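Hello,

Here is the structure we talked about handing over. My notes on it follow below.

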Amino acid sequence: MTDPLIRLLDQMAAHGATEFYAKQLAPNDNSKNQVYLGGGFGALNVIPHGEITDDQSVRAGSVRDRAKATVRFFWMGGDQPSPAPNAQLILYPKYPEVRMSGFLSRARNAPTELMTSRTKDRVLILGICPDGRVLGEVRAPDDLLSVRLVDLAPTLSSTGIFFDLTPLRQGLRDTRAELIRAFTEIHRRGWIPSCKIGRSGQPEPYSARNGGGYTLEAQLGISPNGYAEPDYLGWEVKQYGVGDLVRLQPKSPVTLMTPEPTGGYYRDAGVEAFLHRYGYADKSGKPGRINFGGIYAVGRDFHADTGLKLVMHGFDARSGKITDMDGWLALTDRQDEPAAIWHFRNILTHWNRKHAKAAYLPSLMRAPPPEYCYGGIVQLCEETDVLLLLAAIVAGSAYYDPGIKMEGDGASKPAIKRRSQFRVKHSGLAMLYRQFEVVGLV
């Protein structure tokens with residue numbers, strides 16, 4: 001007899017799902033109390049959602065104590081999944097936690113009886129599609145699918161409160177073990193000629209000096225695509241350059257995200273005006289060039305070249321909670337005027353694009369011709385959360401490291417380069433994940 005769980009996953013895959021998760025529902029997981037998706041904001045890295053906005057039901061003039069985001073949610077059933085147009089995620093920073101609501105409103109073929117019930121151990125299955133759709137199915141505790149999930153539960157890996165079912169369709173139970181096996185094989189290959197998967201789908205020689213990531217992807221069979229980071233078995237795969245494979249000292253910090261400011265003088269007056277006010281002449285003497293760079297960390301004094309410092313409002317470092325969803329991170333000048341602002345909602349949106357799981361493998365390069373050798377350890381990072389990012393920024397471990405410049409100042413059309421990046425030293429990565437482990441490959 002066909003496995004009922006695999007049969008449902010196959011049906012979801014036929015409608016575009018590529019990742020699959022399950023949650024055993026508690027009595028309070030219903031349409032009245034909403035469905036609990038986990039403490040913190042980690043669920044936002046699992047479930048695709050729309051723009052994070054203020055909850056307008058909060059009393060005007062009060063501190064915003066929650067926010068919401070739309071979800072393109074569809075219930076399985078019938079020939080085509082049925083939309084639940086009012087489905088949304090609710091963010092409660094006070095606790096903190098994420099819940100889902102509105103999944104029955106105006107939804108045809110919705111499992112109303114099960115999702116208004118307080119029955120224990122119902123099972124919710126979610127299929128995540130690359131285009132942002134979320135497919136849902138719920139089963140009663142005595143359904144064969146629910147019984148099968150309970151039997152498998154001790155062997156399944158998890159992401160937050162969700163069982164990760166994605167490996168089941170690949171004949172795997174544990175993607176972590178398969179990832180380590182693949183990295184071990186790459187490590188044992190020794191020096192590998194620099195390459196990149198080409199249009200033919202096969203590795204092709206690559207001569208530029210930034211081939212460490214492309215070469216690793218080629219060994220894993222990952223083709224370059226438009227996504228932010230390469231993906232292997234649900235893991236974000238990254239390599240980092242080191243000086244040698246004994247000490248494994250990283251050569252450079254990790255770039256976390258590159259969000260443009262959403263407020264302040266930068267946004268209001270434009271980048272050119274921002275550079276004229278806060279930038280400085282190129283230090284190597286290039287005529288007509290204005291730069292804006294430096295390291296900006298919370299707790300540091302005003303930068304000597306720009307007169308700006310980094311401050312945060314609306315986050316409590318001791319509790320690790322957002323106290324105001326209208327809060328922000330900002331560069332301010334000595335008159336306390338905001339030169340650039342990043343609102344929490346924008347930071348949430350950028351951070352939620354990150355995978356819930358990431359793997360970092362050290363690499364060493366030699367040339368000519370360019371070749372790469374990958375180290376005998378891998379750093380496995382699981383369950384990131386924007387609250388951990390904000391805590392790292394407040395602690396000064398994560399920082400703003402811009403590379404903004406203008407060339408041809410005074411010309412009718414000067415060339416402007418924007419690069420607003422937040423970075424962390426490689427040693428500070430562990431602060432950004434609830435689980436961080438270094439695993440030997442030999």
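C373 is buried, at a relative accessible area of 10% (buried is under 20%, exposed over 50%, partly exposed in between, with a 1.4 Å probe and protein chains only). C195 is buried too, at 9%. The model holds zero disulfides (a disulfide being a pair of cysteine sulfur atoms within 2.5 Å).

A word on the source. This is a predicted model, so local features need pLDDT of at least 70, side-chain atom pairs count only at pLDDT 80 or more, and totals for chains, interfaces and linings use all residues. Residues are numbered from 1 along each chain as its sequence is written, and side-chain values use heavy atoms, with hydrogens and water left out.

Next, the charged pairs. There are 22 salt bridges (a side-chain nitrogen of Lys or Arg within 4 Å of a carboxyl oxygen of Asp or Glu). One of them joins R148 and D3 at 2.7 Å, N to O. R148 sits in helix α3 (residues 144-152) and D3 in the segment before α1 (4-14), so this pair ties together parts 145 residues apart in sequence. (Helices, H or I of at least four residues, and strands, E of at least two, are DSSP runs numbered from the N terminus.) D3 is buried at 19%; R148 is partly exposed at 29%.

E260 and R418 also pair, at 3.7 Å, N to O. E260 is in the loop between β18 and α6 (265-269), and R418 is in the loop between β31 (415-417) and β32 (422-424), so the bridge ties together parts 158 residues apart in sequence. Both are partly exposed: E260 at 28%, R418 at 49%.

R139 and E137 meet at 2.8 Å, N to O. E137 is buried at 14%. Salt bridges also link E178, R181, E185 and R189 in a network.

Last, the second largest pocket. Its volume is about 740 Å³ (the space filled by probe spheres set on grid points, joined across faces, edges and corners). A pocket here is an open set of points on a 1 Å grid over the protein atoms alone, where a 1.4 Å probe fits, with protein on both sides within 12 Å along at least five of seven lines; lining residues have an atom within 4 Å of a point. The lining has 27 residues, with N210, G213, Q239, Y240 and G241 nearest the centre. α5 (212-220), β17 (235-241), β18 (254-257) and β26 (357-366) each supply at least two lining residues.

Best wishes
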